[in-house]
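Open the model in your viewer and keep the selection tool at hand. We will go from one stop to the next, selecting residues and saying what is there.

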Amino acid sequence: MSTEAKVPISDASSPAAPEGSSNSVERILSVAYELFSRRGIRDVGVNELIDRSGVAKATFYRHFPSKDSLVLAFLEQRDKLWTVEAIVSQARRRGQTPEERLLAIFDVLGEWFQRDDFEGSTFTHVLLEMGPSHPLGQASINYLAKLRGHVQALAEEAGLVDSDGFARSWQILMKGSIISATGGDLDAGKRARQMAAWLIEHHKP
């Protein structure tokens with residue numbers, strides 16, 4: 001699985017920027033993506049972001065008036081690169097049927113767990129760091145809901161009963177496997193995949 005932090009960030013999904021400033025925006029987002037993914041939000045300061053991206057402080061604040069605005073842009077990128085491109089798209093390519101595509105999610109996760117640059121679930125980290133009432137915590141909740149929506153769509157394609165309940169249970173398996181892998185269980189993807197197969201059987205008509 002492609003590491004999220006190293007996937008190129010496209011200008012098309014970067015925040016709107018004045019003419020000729022796309023390079024600085026891309027540098028800031030690239031540095032933020034790497035640091036936030038690995039260390040969380042609170043541990044990374046604005047001065048470090050400015051130093052690592054090599055832009056002037058005025059340039060930084062022209063594009064991102066606050067650290068929170070940069071975090072929101074980072075979460076948007078994370079959703080695109082991790083949820084859509086790295087997880088959902090790969091799972092859809094690997095499976096021939098909706099059921100196979102669902103199970104392939106855990107194959108993709110299992111490969112990610114084996115990587116040296118595995119860094120865990122950003123959306124869950126931000127939610128726990130900031131809390132559900134904070135705008136960044138709420139944004140994380142919304143992105144987790146979007147991920148659940150992708151799973152629900154696959155469940156509906158498979159003709160499973162109670163696709164919403166299925167997707168919620170499926171996401172518990174995903175979160176649990178990521179946390180277990182963070183704790184050192186590199187076979188967490190395989191274990192979750194087995195339970196996922198049982199869950200599919202439980203939701204068949």
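Start with helix 6 (122-130), which gives four residues to the lining of the second largest cavity, the most from any element. Helices here are DSSP runs (H or I, at least four residues), numbered from the N terminus. This is a predicted model, in which local features need pLDDT of at least 70, side-chain atom pairs count only at pLDDT 80 or more, and totals for chains, interfaces and linings use all residues. Residues are numbered from 1 along each chain as its sequence is written, and side-chain values use heavy atoms, with hydrogens and water left out.

Now select the whole lining of that cavity: F36, S37, G40, I41, F74, T122, H125, V126 and E129. A cavity is a set of points on a 1 Å grid over the protein atoms alone where a 1.4 Å probe fits but cannot get out, and lining residues have an atom within 4 Å of a point. The second largest cavity holds about 30 Å³ of space, a volume being the space filled by probe spheres set on the points, with grid points joined across faces, edges and corners. Color the lining by class and you get four nonpolar residues, four polar and one charged. Nonpolar means Ala, Val, Leu, Ile, Met, Phe, Trp, Tyr, Cys and Pro; charged means Asp, Glu, Lys and Arg; the others, Gly among them, are polar.

Axes are lines fitted to C-alpha atoms, for helices over the stretch in contact, and angles run from 0 to 180 degrees between N-to-C directions. To show the contact (heavy atoms within 4.5 Å), select F123, T124, V126, L127 and M130 of helix 6 with L136, G137, S140, I141, Y143 and L144 of helix 7. By class, this contact has eight nonpolar, three polar and no charged residues.

On the helix 7 side, pick L144, L147, R148, V151, Q152, A155 and E156; they meet S163, D164, F166, A167, R168, W170, Q171, M174 and K175 in helix 8. Here the contact has eight nonpolar, three polar and five charged residues.

Which residues line the largest cavity? Select W82, S121, L144, L147, Q171, M174, K175 and I178 to see them. The cavity has a volume of about 50 Å³, and its lining divides into five nonpolar, two polar and one charged residue.

For a last stop, go to helix 1 and helix 2 (residues 46-53), which pack at an angle of about 130° with their axes 9 Å apart. The pair are therefore oblique to each other. Select R27, I28, V31, A32, E34, L35, F36 and R39 of helix 1 with E48, L49, R52 and S53 of helix 2. This contact has six nonpolar, one polar and five charged residues.

Technical notes:
On a 1 Å grid over the protein atoms alone, a cavity is a set of points where a 1.4 Å probe fits but cannot get out, and a pocket is an open set with protein on both sides within 12 Å along at least five of seven lines; lining residues have an atom within 4 Å of a point. Helices (H or I, at least four residues) and strands (E, at least two) are DSSP runs, numbered from the N terminus. Angles under 35 degrees count as roughly parallel, over 145 as roughly antiparallel, 65 to 115 as roughly perpendicular and the rest as oblique.
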